[in-house]
Amino acid sequence: MPSAPELAVLANLAPLLILGMWSLLLVALARSELALGLAPGLRASWHLHRPLALLGALFAFAAALAALADPQRPALLRLTGGLRVDPLADLAALVLLGALLVALLLDPGGPRRGPHVALYCLITAALLLVVHAGALLPLVAGLEIAALGLGALLAVDPRSRRAAWSWLFGQAIISGLLLFGVALLFGATGTTDLSELGGRVSAVFTRWGASPAQAAVDLLQSGVPIPPQLAEQARTRAVTAMAPAALFIPGLLLTFAGLLARLGVAPFARAALSVAEGAPRPVALLIEPALRFAALVALVRLFVGVFHVPRQLHAPYGWSTAAALLAGLTLLTSAHAALRQRELRGLLAATATALAGWFLLGLTAAANFFAHAGAYGGRALTVVDHHEWGLQSGQHVLSALLTLAVAHALAVLGLHAALCAGGEPPPGSGALALRGLVRRDPWLGLTVAALILALLGAPPTLLFTARLDLLAVLLLDTNLVLRLLTALALLGAIPLALAWLRHLHALFDPDPRASPLAEPAPHARPLRPLALLCALLLLFFGVYPSALHHHTDRAAAALHAREAP
């Protein structure tokens with residue numbers, strides 16, 4: 001029996017534990033039906049599987065909401081097994097569980113859908129493991145389980161098997177990059193714990209530039225005749241000092257590439273766009289926003305929280321130069337995709353790609369500010385005014401990034417729910433899918449209009465205030481390349497805005513040639529109030545952003561917080 005203190009510590013992981021056990025229960029239920037060889041008519045019906053999954057997801061969501069609202073929650077608590085509890089994980093858990101609830105409501109149902117429901121819960125539990133990861137092993141394990149589960153969901157649906165092959169092939173490459181990068185990081189530092197990784201990396205570079213190692217290199221390159229034994233000793237000393245750095249630098253870049261690919265940046269954005277267009281709606285929700293949000297948290301923890309020291313950040317060895325180039329390429333890719341897209345789902349995927357470019361700019365700016373502050377592990381190398389300015393500016397960037405990610409997740413969840421509540425648009429209908437919807441169904445049409453305005457970043461929605469905050473703090477960075485890319489991001493938003501305005505105009509178009517929507521399924525009835533709730537939340541937090549900023553500020557400050565005693 002666990003002791004009372006151990007149970008108190010485990011209670012901090014309540015959402016992860018609840019959903020993990022619930023997913024295992026659903027997997028066992030589906031597996032037992034197959035093992036017993038029951039005919040489809042005798043198996044547990046859809047009316048049993050989905051309520052069970054919804055009940056577990058609601059319990060986990062309530063636990064995450066209570067944790068986020070608890071004022072006495074510790075700013076940082078490290079647990080055994082490489083896990084951590086902090087406000088950033090609590091906020092991410094709420095978004096992931098919200099995506100799971102909407103995905104369960106969007107699932108079309110049927111007598112053979114039990115394994116699908118179990119996979120939805122299992123994938124979300126794996127993503128919760130990612131956002132609670134305090135070490136590289138649980139972070140990588142969670143991402144790989146989620147990627148495989150999403151591939152299985154795509155493969156079992158005949159309509160998305162082509163997308164499944166594209167997904168699995170791309171994820172195999174991404175997994176190779178990520179696993180190889182993590183292996184090199186471990187080989188260079190001897191640890192996978194994020195709390196120890198920063199100190200070990202500093203030791204790697206200190207050892208590389210130490211005077212005995214440099215003296216050995218200078219001796220070997222001097223051309224002066226030296227005894228063979230002395231030459232062998234000098235060569236051994238130089239290689240021993242350089243080897244960890246030679247492992248660390250490619251490991252850093254490969255890990256960065258693997259996480260960026262999961263975020264959906266170019267050149268992996270085109271594959272993500274094609275998968276998002278062909279995936280069933282519930283699976284698309286688990287990819288965007290759930291998987292993308294978990295990848296963002298992983299990048300924040302690792303590259304902003306650990307690898308923000310100037311030598312690890314700036315050229316010639318750092319990741320910021322690659323991040324800037326990829327951000328520009330991602331923004332151009334999203335603008336090009338927006339010009340070609342006529343379907344709603346393709347336009348949503350292009351918008352998510354553009355958002356990944358903004359995320360990359362924000363991550364680079366936050367790391368720049370933390371490097372300027374000299375902050376490492378909650379300690380300052382110097383206590384001067386520029387330290388406080390850098391630390392606060394970095395936290396402001398992270399807070400704006402998280403607010404933008406939460407706002408986009410709300411808009412995407414609400415729009416998917418609204419479209420499913422009104423009936424699936426016919427394939428190839430483009431803007432005609434929404435033509436005259438305000439006239440035909442005023443409440444649903446106005447809800448969709450509010451959600452499209454939110455995706456456009458129009459005032460007074462939350463996305464407007466989040467982008468304005470992020471833009472203001474990006475312009476504080478003195479990096480000229482970052483400022484030019486910010487200007488490119490603003491220009492790249494124009495094609496997306498025009499594409500969304502086309503659909504917004506179609507909503508109010510009374511043209512009688514409008515394509516009729518399919519009759520909504522019976523399970524879609526709760527989706528109307530859910531879509532309306534998402535739209536109202538976007539408006540409420542846009543007018544009163546401080547209600548959300550309190551939580552995003554705490555999440556940003558927790559990145560360099562000290563562990564609770």
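**Chatting through a predicted helical chain**

Author: The chain has 22 helices and four strands, helices being DSSP runs of H or I with at least four residues and strands runs of E with at least two, numbered from the N terminus. This is a predicted model, so local features need pLDDT of at least 70 and side-chain atom pairs count only at pLDDT 80 or more, while totals for chains, interfaces and linings use all residues. Residues are numbered from 1 along each chain as its sequence is written, and side-chain values use heavy atoms, with hydrogens and water left out.

Reader: OK, how much of the chain counts as buried?

Author: Of its 565 residues, 56% are buried, meaning under 20% relative accessible area; exposed is over 50% and partly exposed in between (1.4 Å probe, protein chains only).

Reader: How many salt bridges does a search of the whole structure find?

Author: Six, each a side-chain nitrogen of Lys or Arg within 4 Å of a carboxyl oxygen of Asp or Glu. One of them pairs R301 with D86, with the closest N and O atoms 2.8 Å apart. R301 lies in helix α12 (residues 281-304) and D86 in the loop between β2 (83-85) and α4 (87-106), so the pair ties together parts that are 215 residues apart in sequence.

Reader: Are R301 and D86 buried or exposed?

Author: Both are buried. R301 and D86 are also linked with R84 in a network of salt bridges.

Reader: Which side chain does R292 meet in a salt bridge?

Author: That of E288, at 2.5 Å from N to O.

Reader: Last one: which residues of α19 are buried?

Author: L462, L463, T465, A466, L470, L471, V473 and L474. Helix α19 (residues 462-474) has 13 residues and reaches 18 Å from its first C-alpha to its last, close to the 18 Å expected at 1.5 Å a residue; the expected span is 1.5 Å times one less than the number of residues.
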